[in-house]
Amino acid sequence: MTRREKRLLLTIFLCLILTPKLTETKEFYTQILGFGVTFENEFYLLLHTPTREAEISFLLPHHPSHSNRSFRLLSKIKGCI
């Protein structure tokens with residue numbers, strides 16, 4: 001593995017937060033913190049920092065997309081996912 005590949009492995013990280021308030025979350029992050037919208041739909045929101053160096057995502061809780069068993073188990077633990 002090259003040094004560049006190692007660096008890429010360390011920089012590819014996505015924070016996922018479950019929230020029932022996608023609209024309010026989008027307004028706060030875009031209007032107050034200056035984040036931009038990378039992608040959004042009715043149950044998922046992906047935002048990037050003003051410099052596009054990092055991204056953060058938000059997902060509605062209990063959405064049918066939570067089909068993975070381990071994801072459902074982790075989502076029951078406070079502070080996880």
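Good morning. Please bear in mind throughout that the model before you is predicted.

Is His-48 buried or exposed? His-48 has a relative accessible area of 8%, and because buried means under 20%, this residue counts as buried. Its side chain also has a polar partner: the side chain of Thr-38, with the contact at 2.7 Å.

How many residues of β3 are buried? The count is 5 of 5, so that the strand is described as mostly covered. Both faces take part in this. On one side we find Tyr-44, Leu-46 and His-48, and on the other Leu-45 and Leu-47, all of them buried.

I turn next to the neighbours of β3. In which sense do β2 and β3 pair? Strand β3, residues 44–48, pairs with β2 in the antiparallel sense, over 4 bridges. The two strands are joined by a hairpin through 3 residues. Within this pairing, Phe-39 has Leu-46 as its bridge partner in β3.

Leu-46 has a further partner, this time in β4, namely Ser-57. Strand β4 covers residues 55–59, and its pairing with β3 is antiparallel over 5 bridges. The hairpin of β3 and β4 has 6 residues between the strands. In that hairpin, Arg-52 takes a positive phi near 60 degrees.

What is the order of the strands? The sheet is open, it has 4 strands, and the order is β1-β4-β3-β2, with mixed pairing. The edge strands are β1, residues 15–18, and β2, each of which pairs on one side only. From one strand to the next, the twist averages 25 degrees.

Let me move on to a charged pair. In general, side chains of opposite charge can pair when their charged atoms come close. How many salt bridges does a search of the whole structure find? The search finds 1. Its partners are Glu-40 and Lys-26, whose side chains meet at 2.8 Å, taken from N to O. This pair links distant parts of the chain, since Glu-40 belongs to strand β2, residues 36–40, and Lys-26 to helix α2, residues 22–32, with the two 14 residues apart. Glu-40 is partly exposed, with a relative accessible area of 38%. Lys-26 is partly exposed as well, with a value of 27%.

Helix α2 also contains Thr-25. At 13% relative accessibility, Thr-25 counts as buried, because that value lies under the 20% cut-off. Thr-25 and Phe-58 are 33 residues apart along the chain, and their C-alpha atoms are separated by 8.3 Å.

Leu-33 lies in the loop between α2 and β2. Its relative accessible area is 40%, and Leu-33 is therefore partly exposed.

To close, I return to the opening residue: His-48 is buried, and its side chain makes a polar contact with that of Thr-38. Thank you for your attention.

Technical notes
Residues are numbered from 1 along each chain as its sequence is written. This is a predicted model: local features need pLDDT of at least 70, side-chain atom pairs count only at pLDDT 80 or more; totals for chains, interfaces and linings use all residues. Side-chain values use heavy atoms; hydrogens and water are left out. A salt bridge is a side-chain nitrogen of Lys or Arg within 4 Å of a carboxyl oxygen of Asp or Glu. Buried means under 20% relative accessible area, exposed over 50%, partly exposed in between (1.4 Å probe, protein chains only). Two strands pair if DSSP finds at least two bridges between them. Axes are lines fitted to C-alpha atoms, for helices over the stretch in contact, and angles run from 0 to 180 degrees between N-to-C directions. A polar contact is a pair of N or O atoms within 3.5 Å; within protein, one must be able to donate a hydrogen and the other to accept it, and residues adjacent in sequence count only if both atoms are side-chain atoms.
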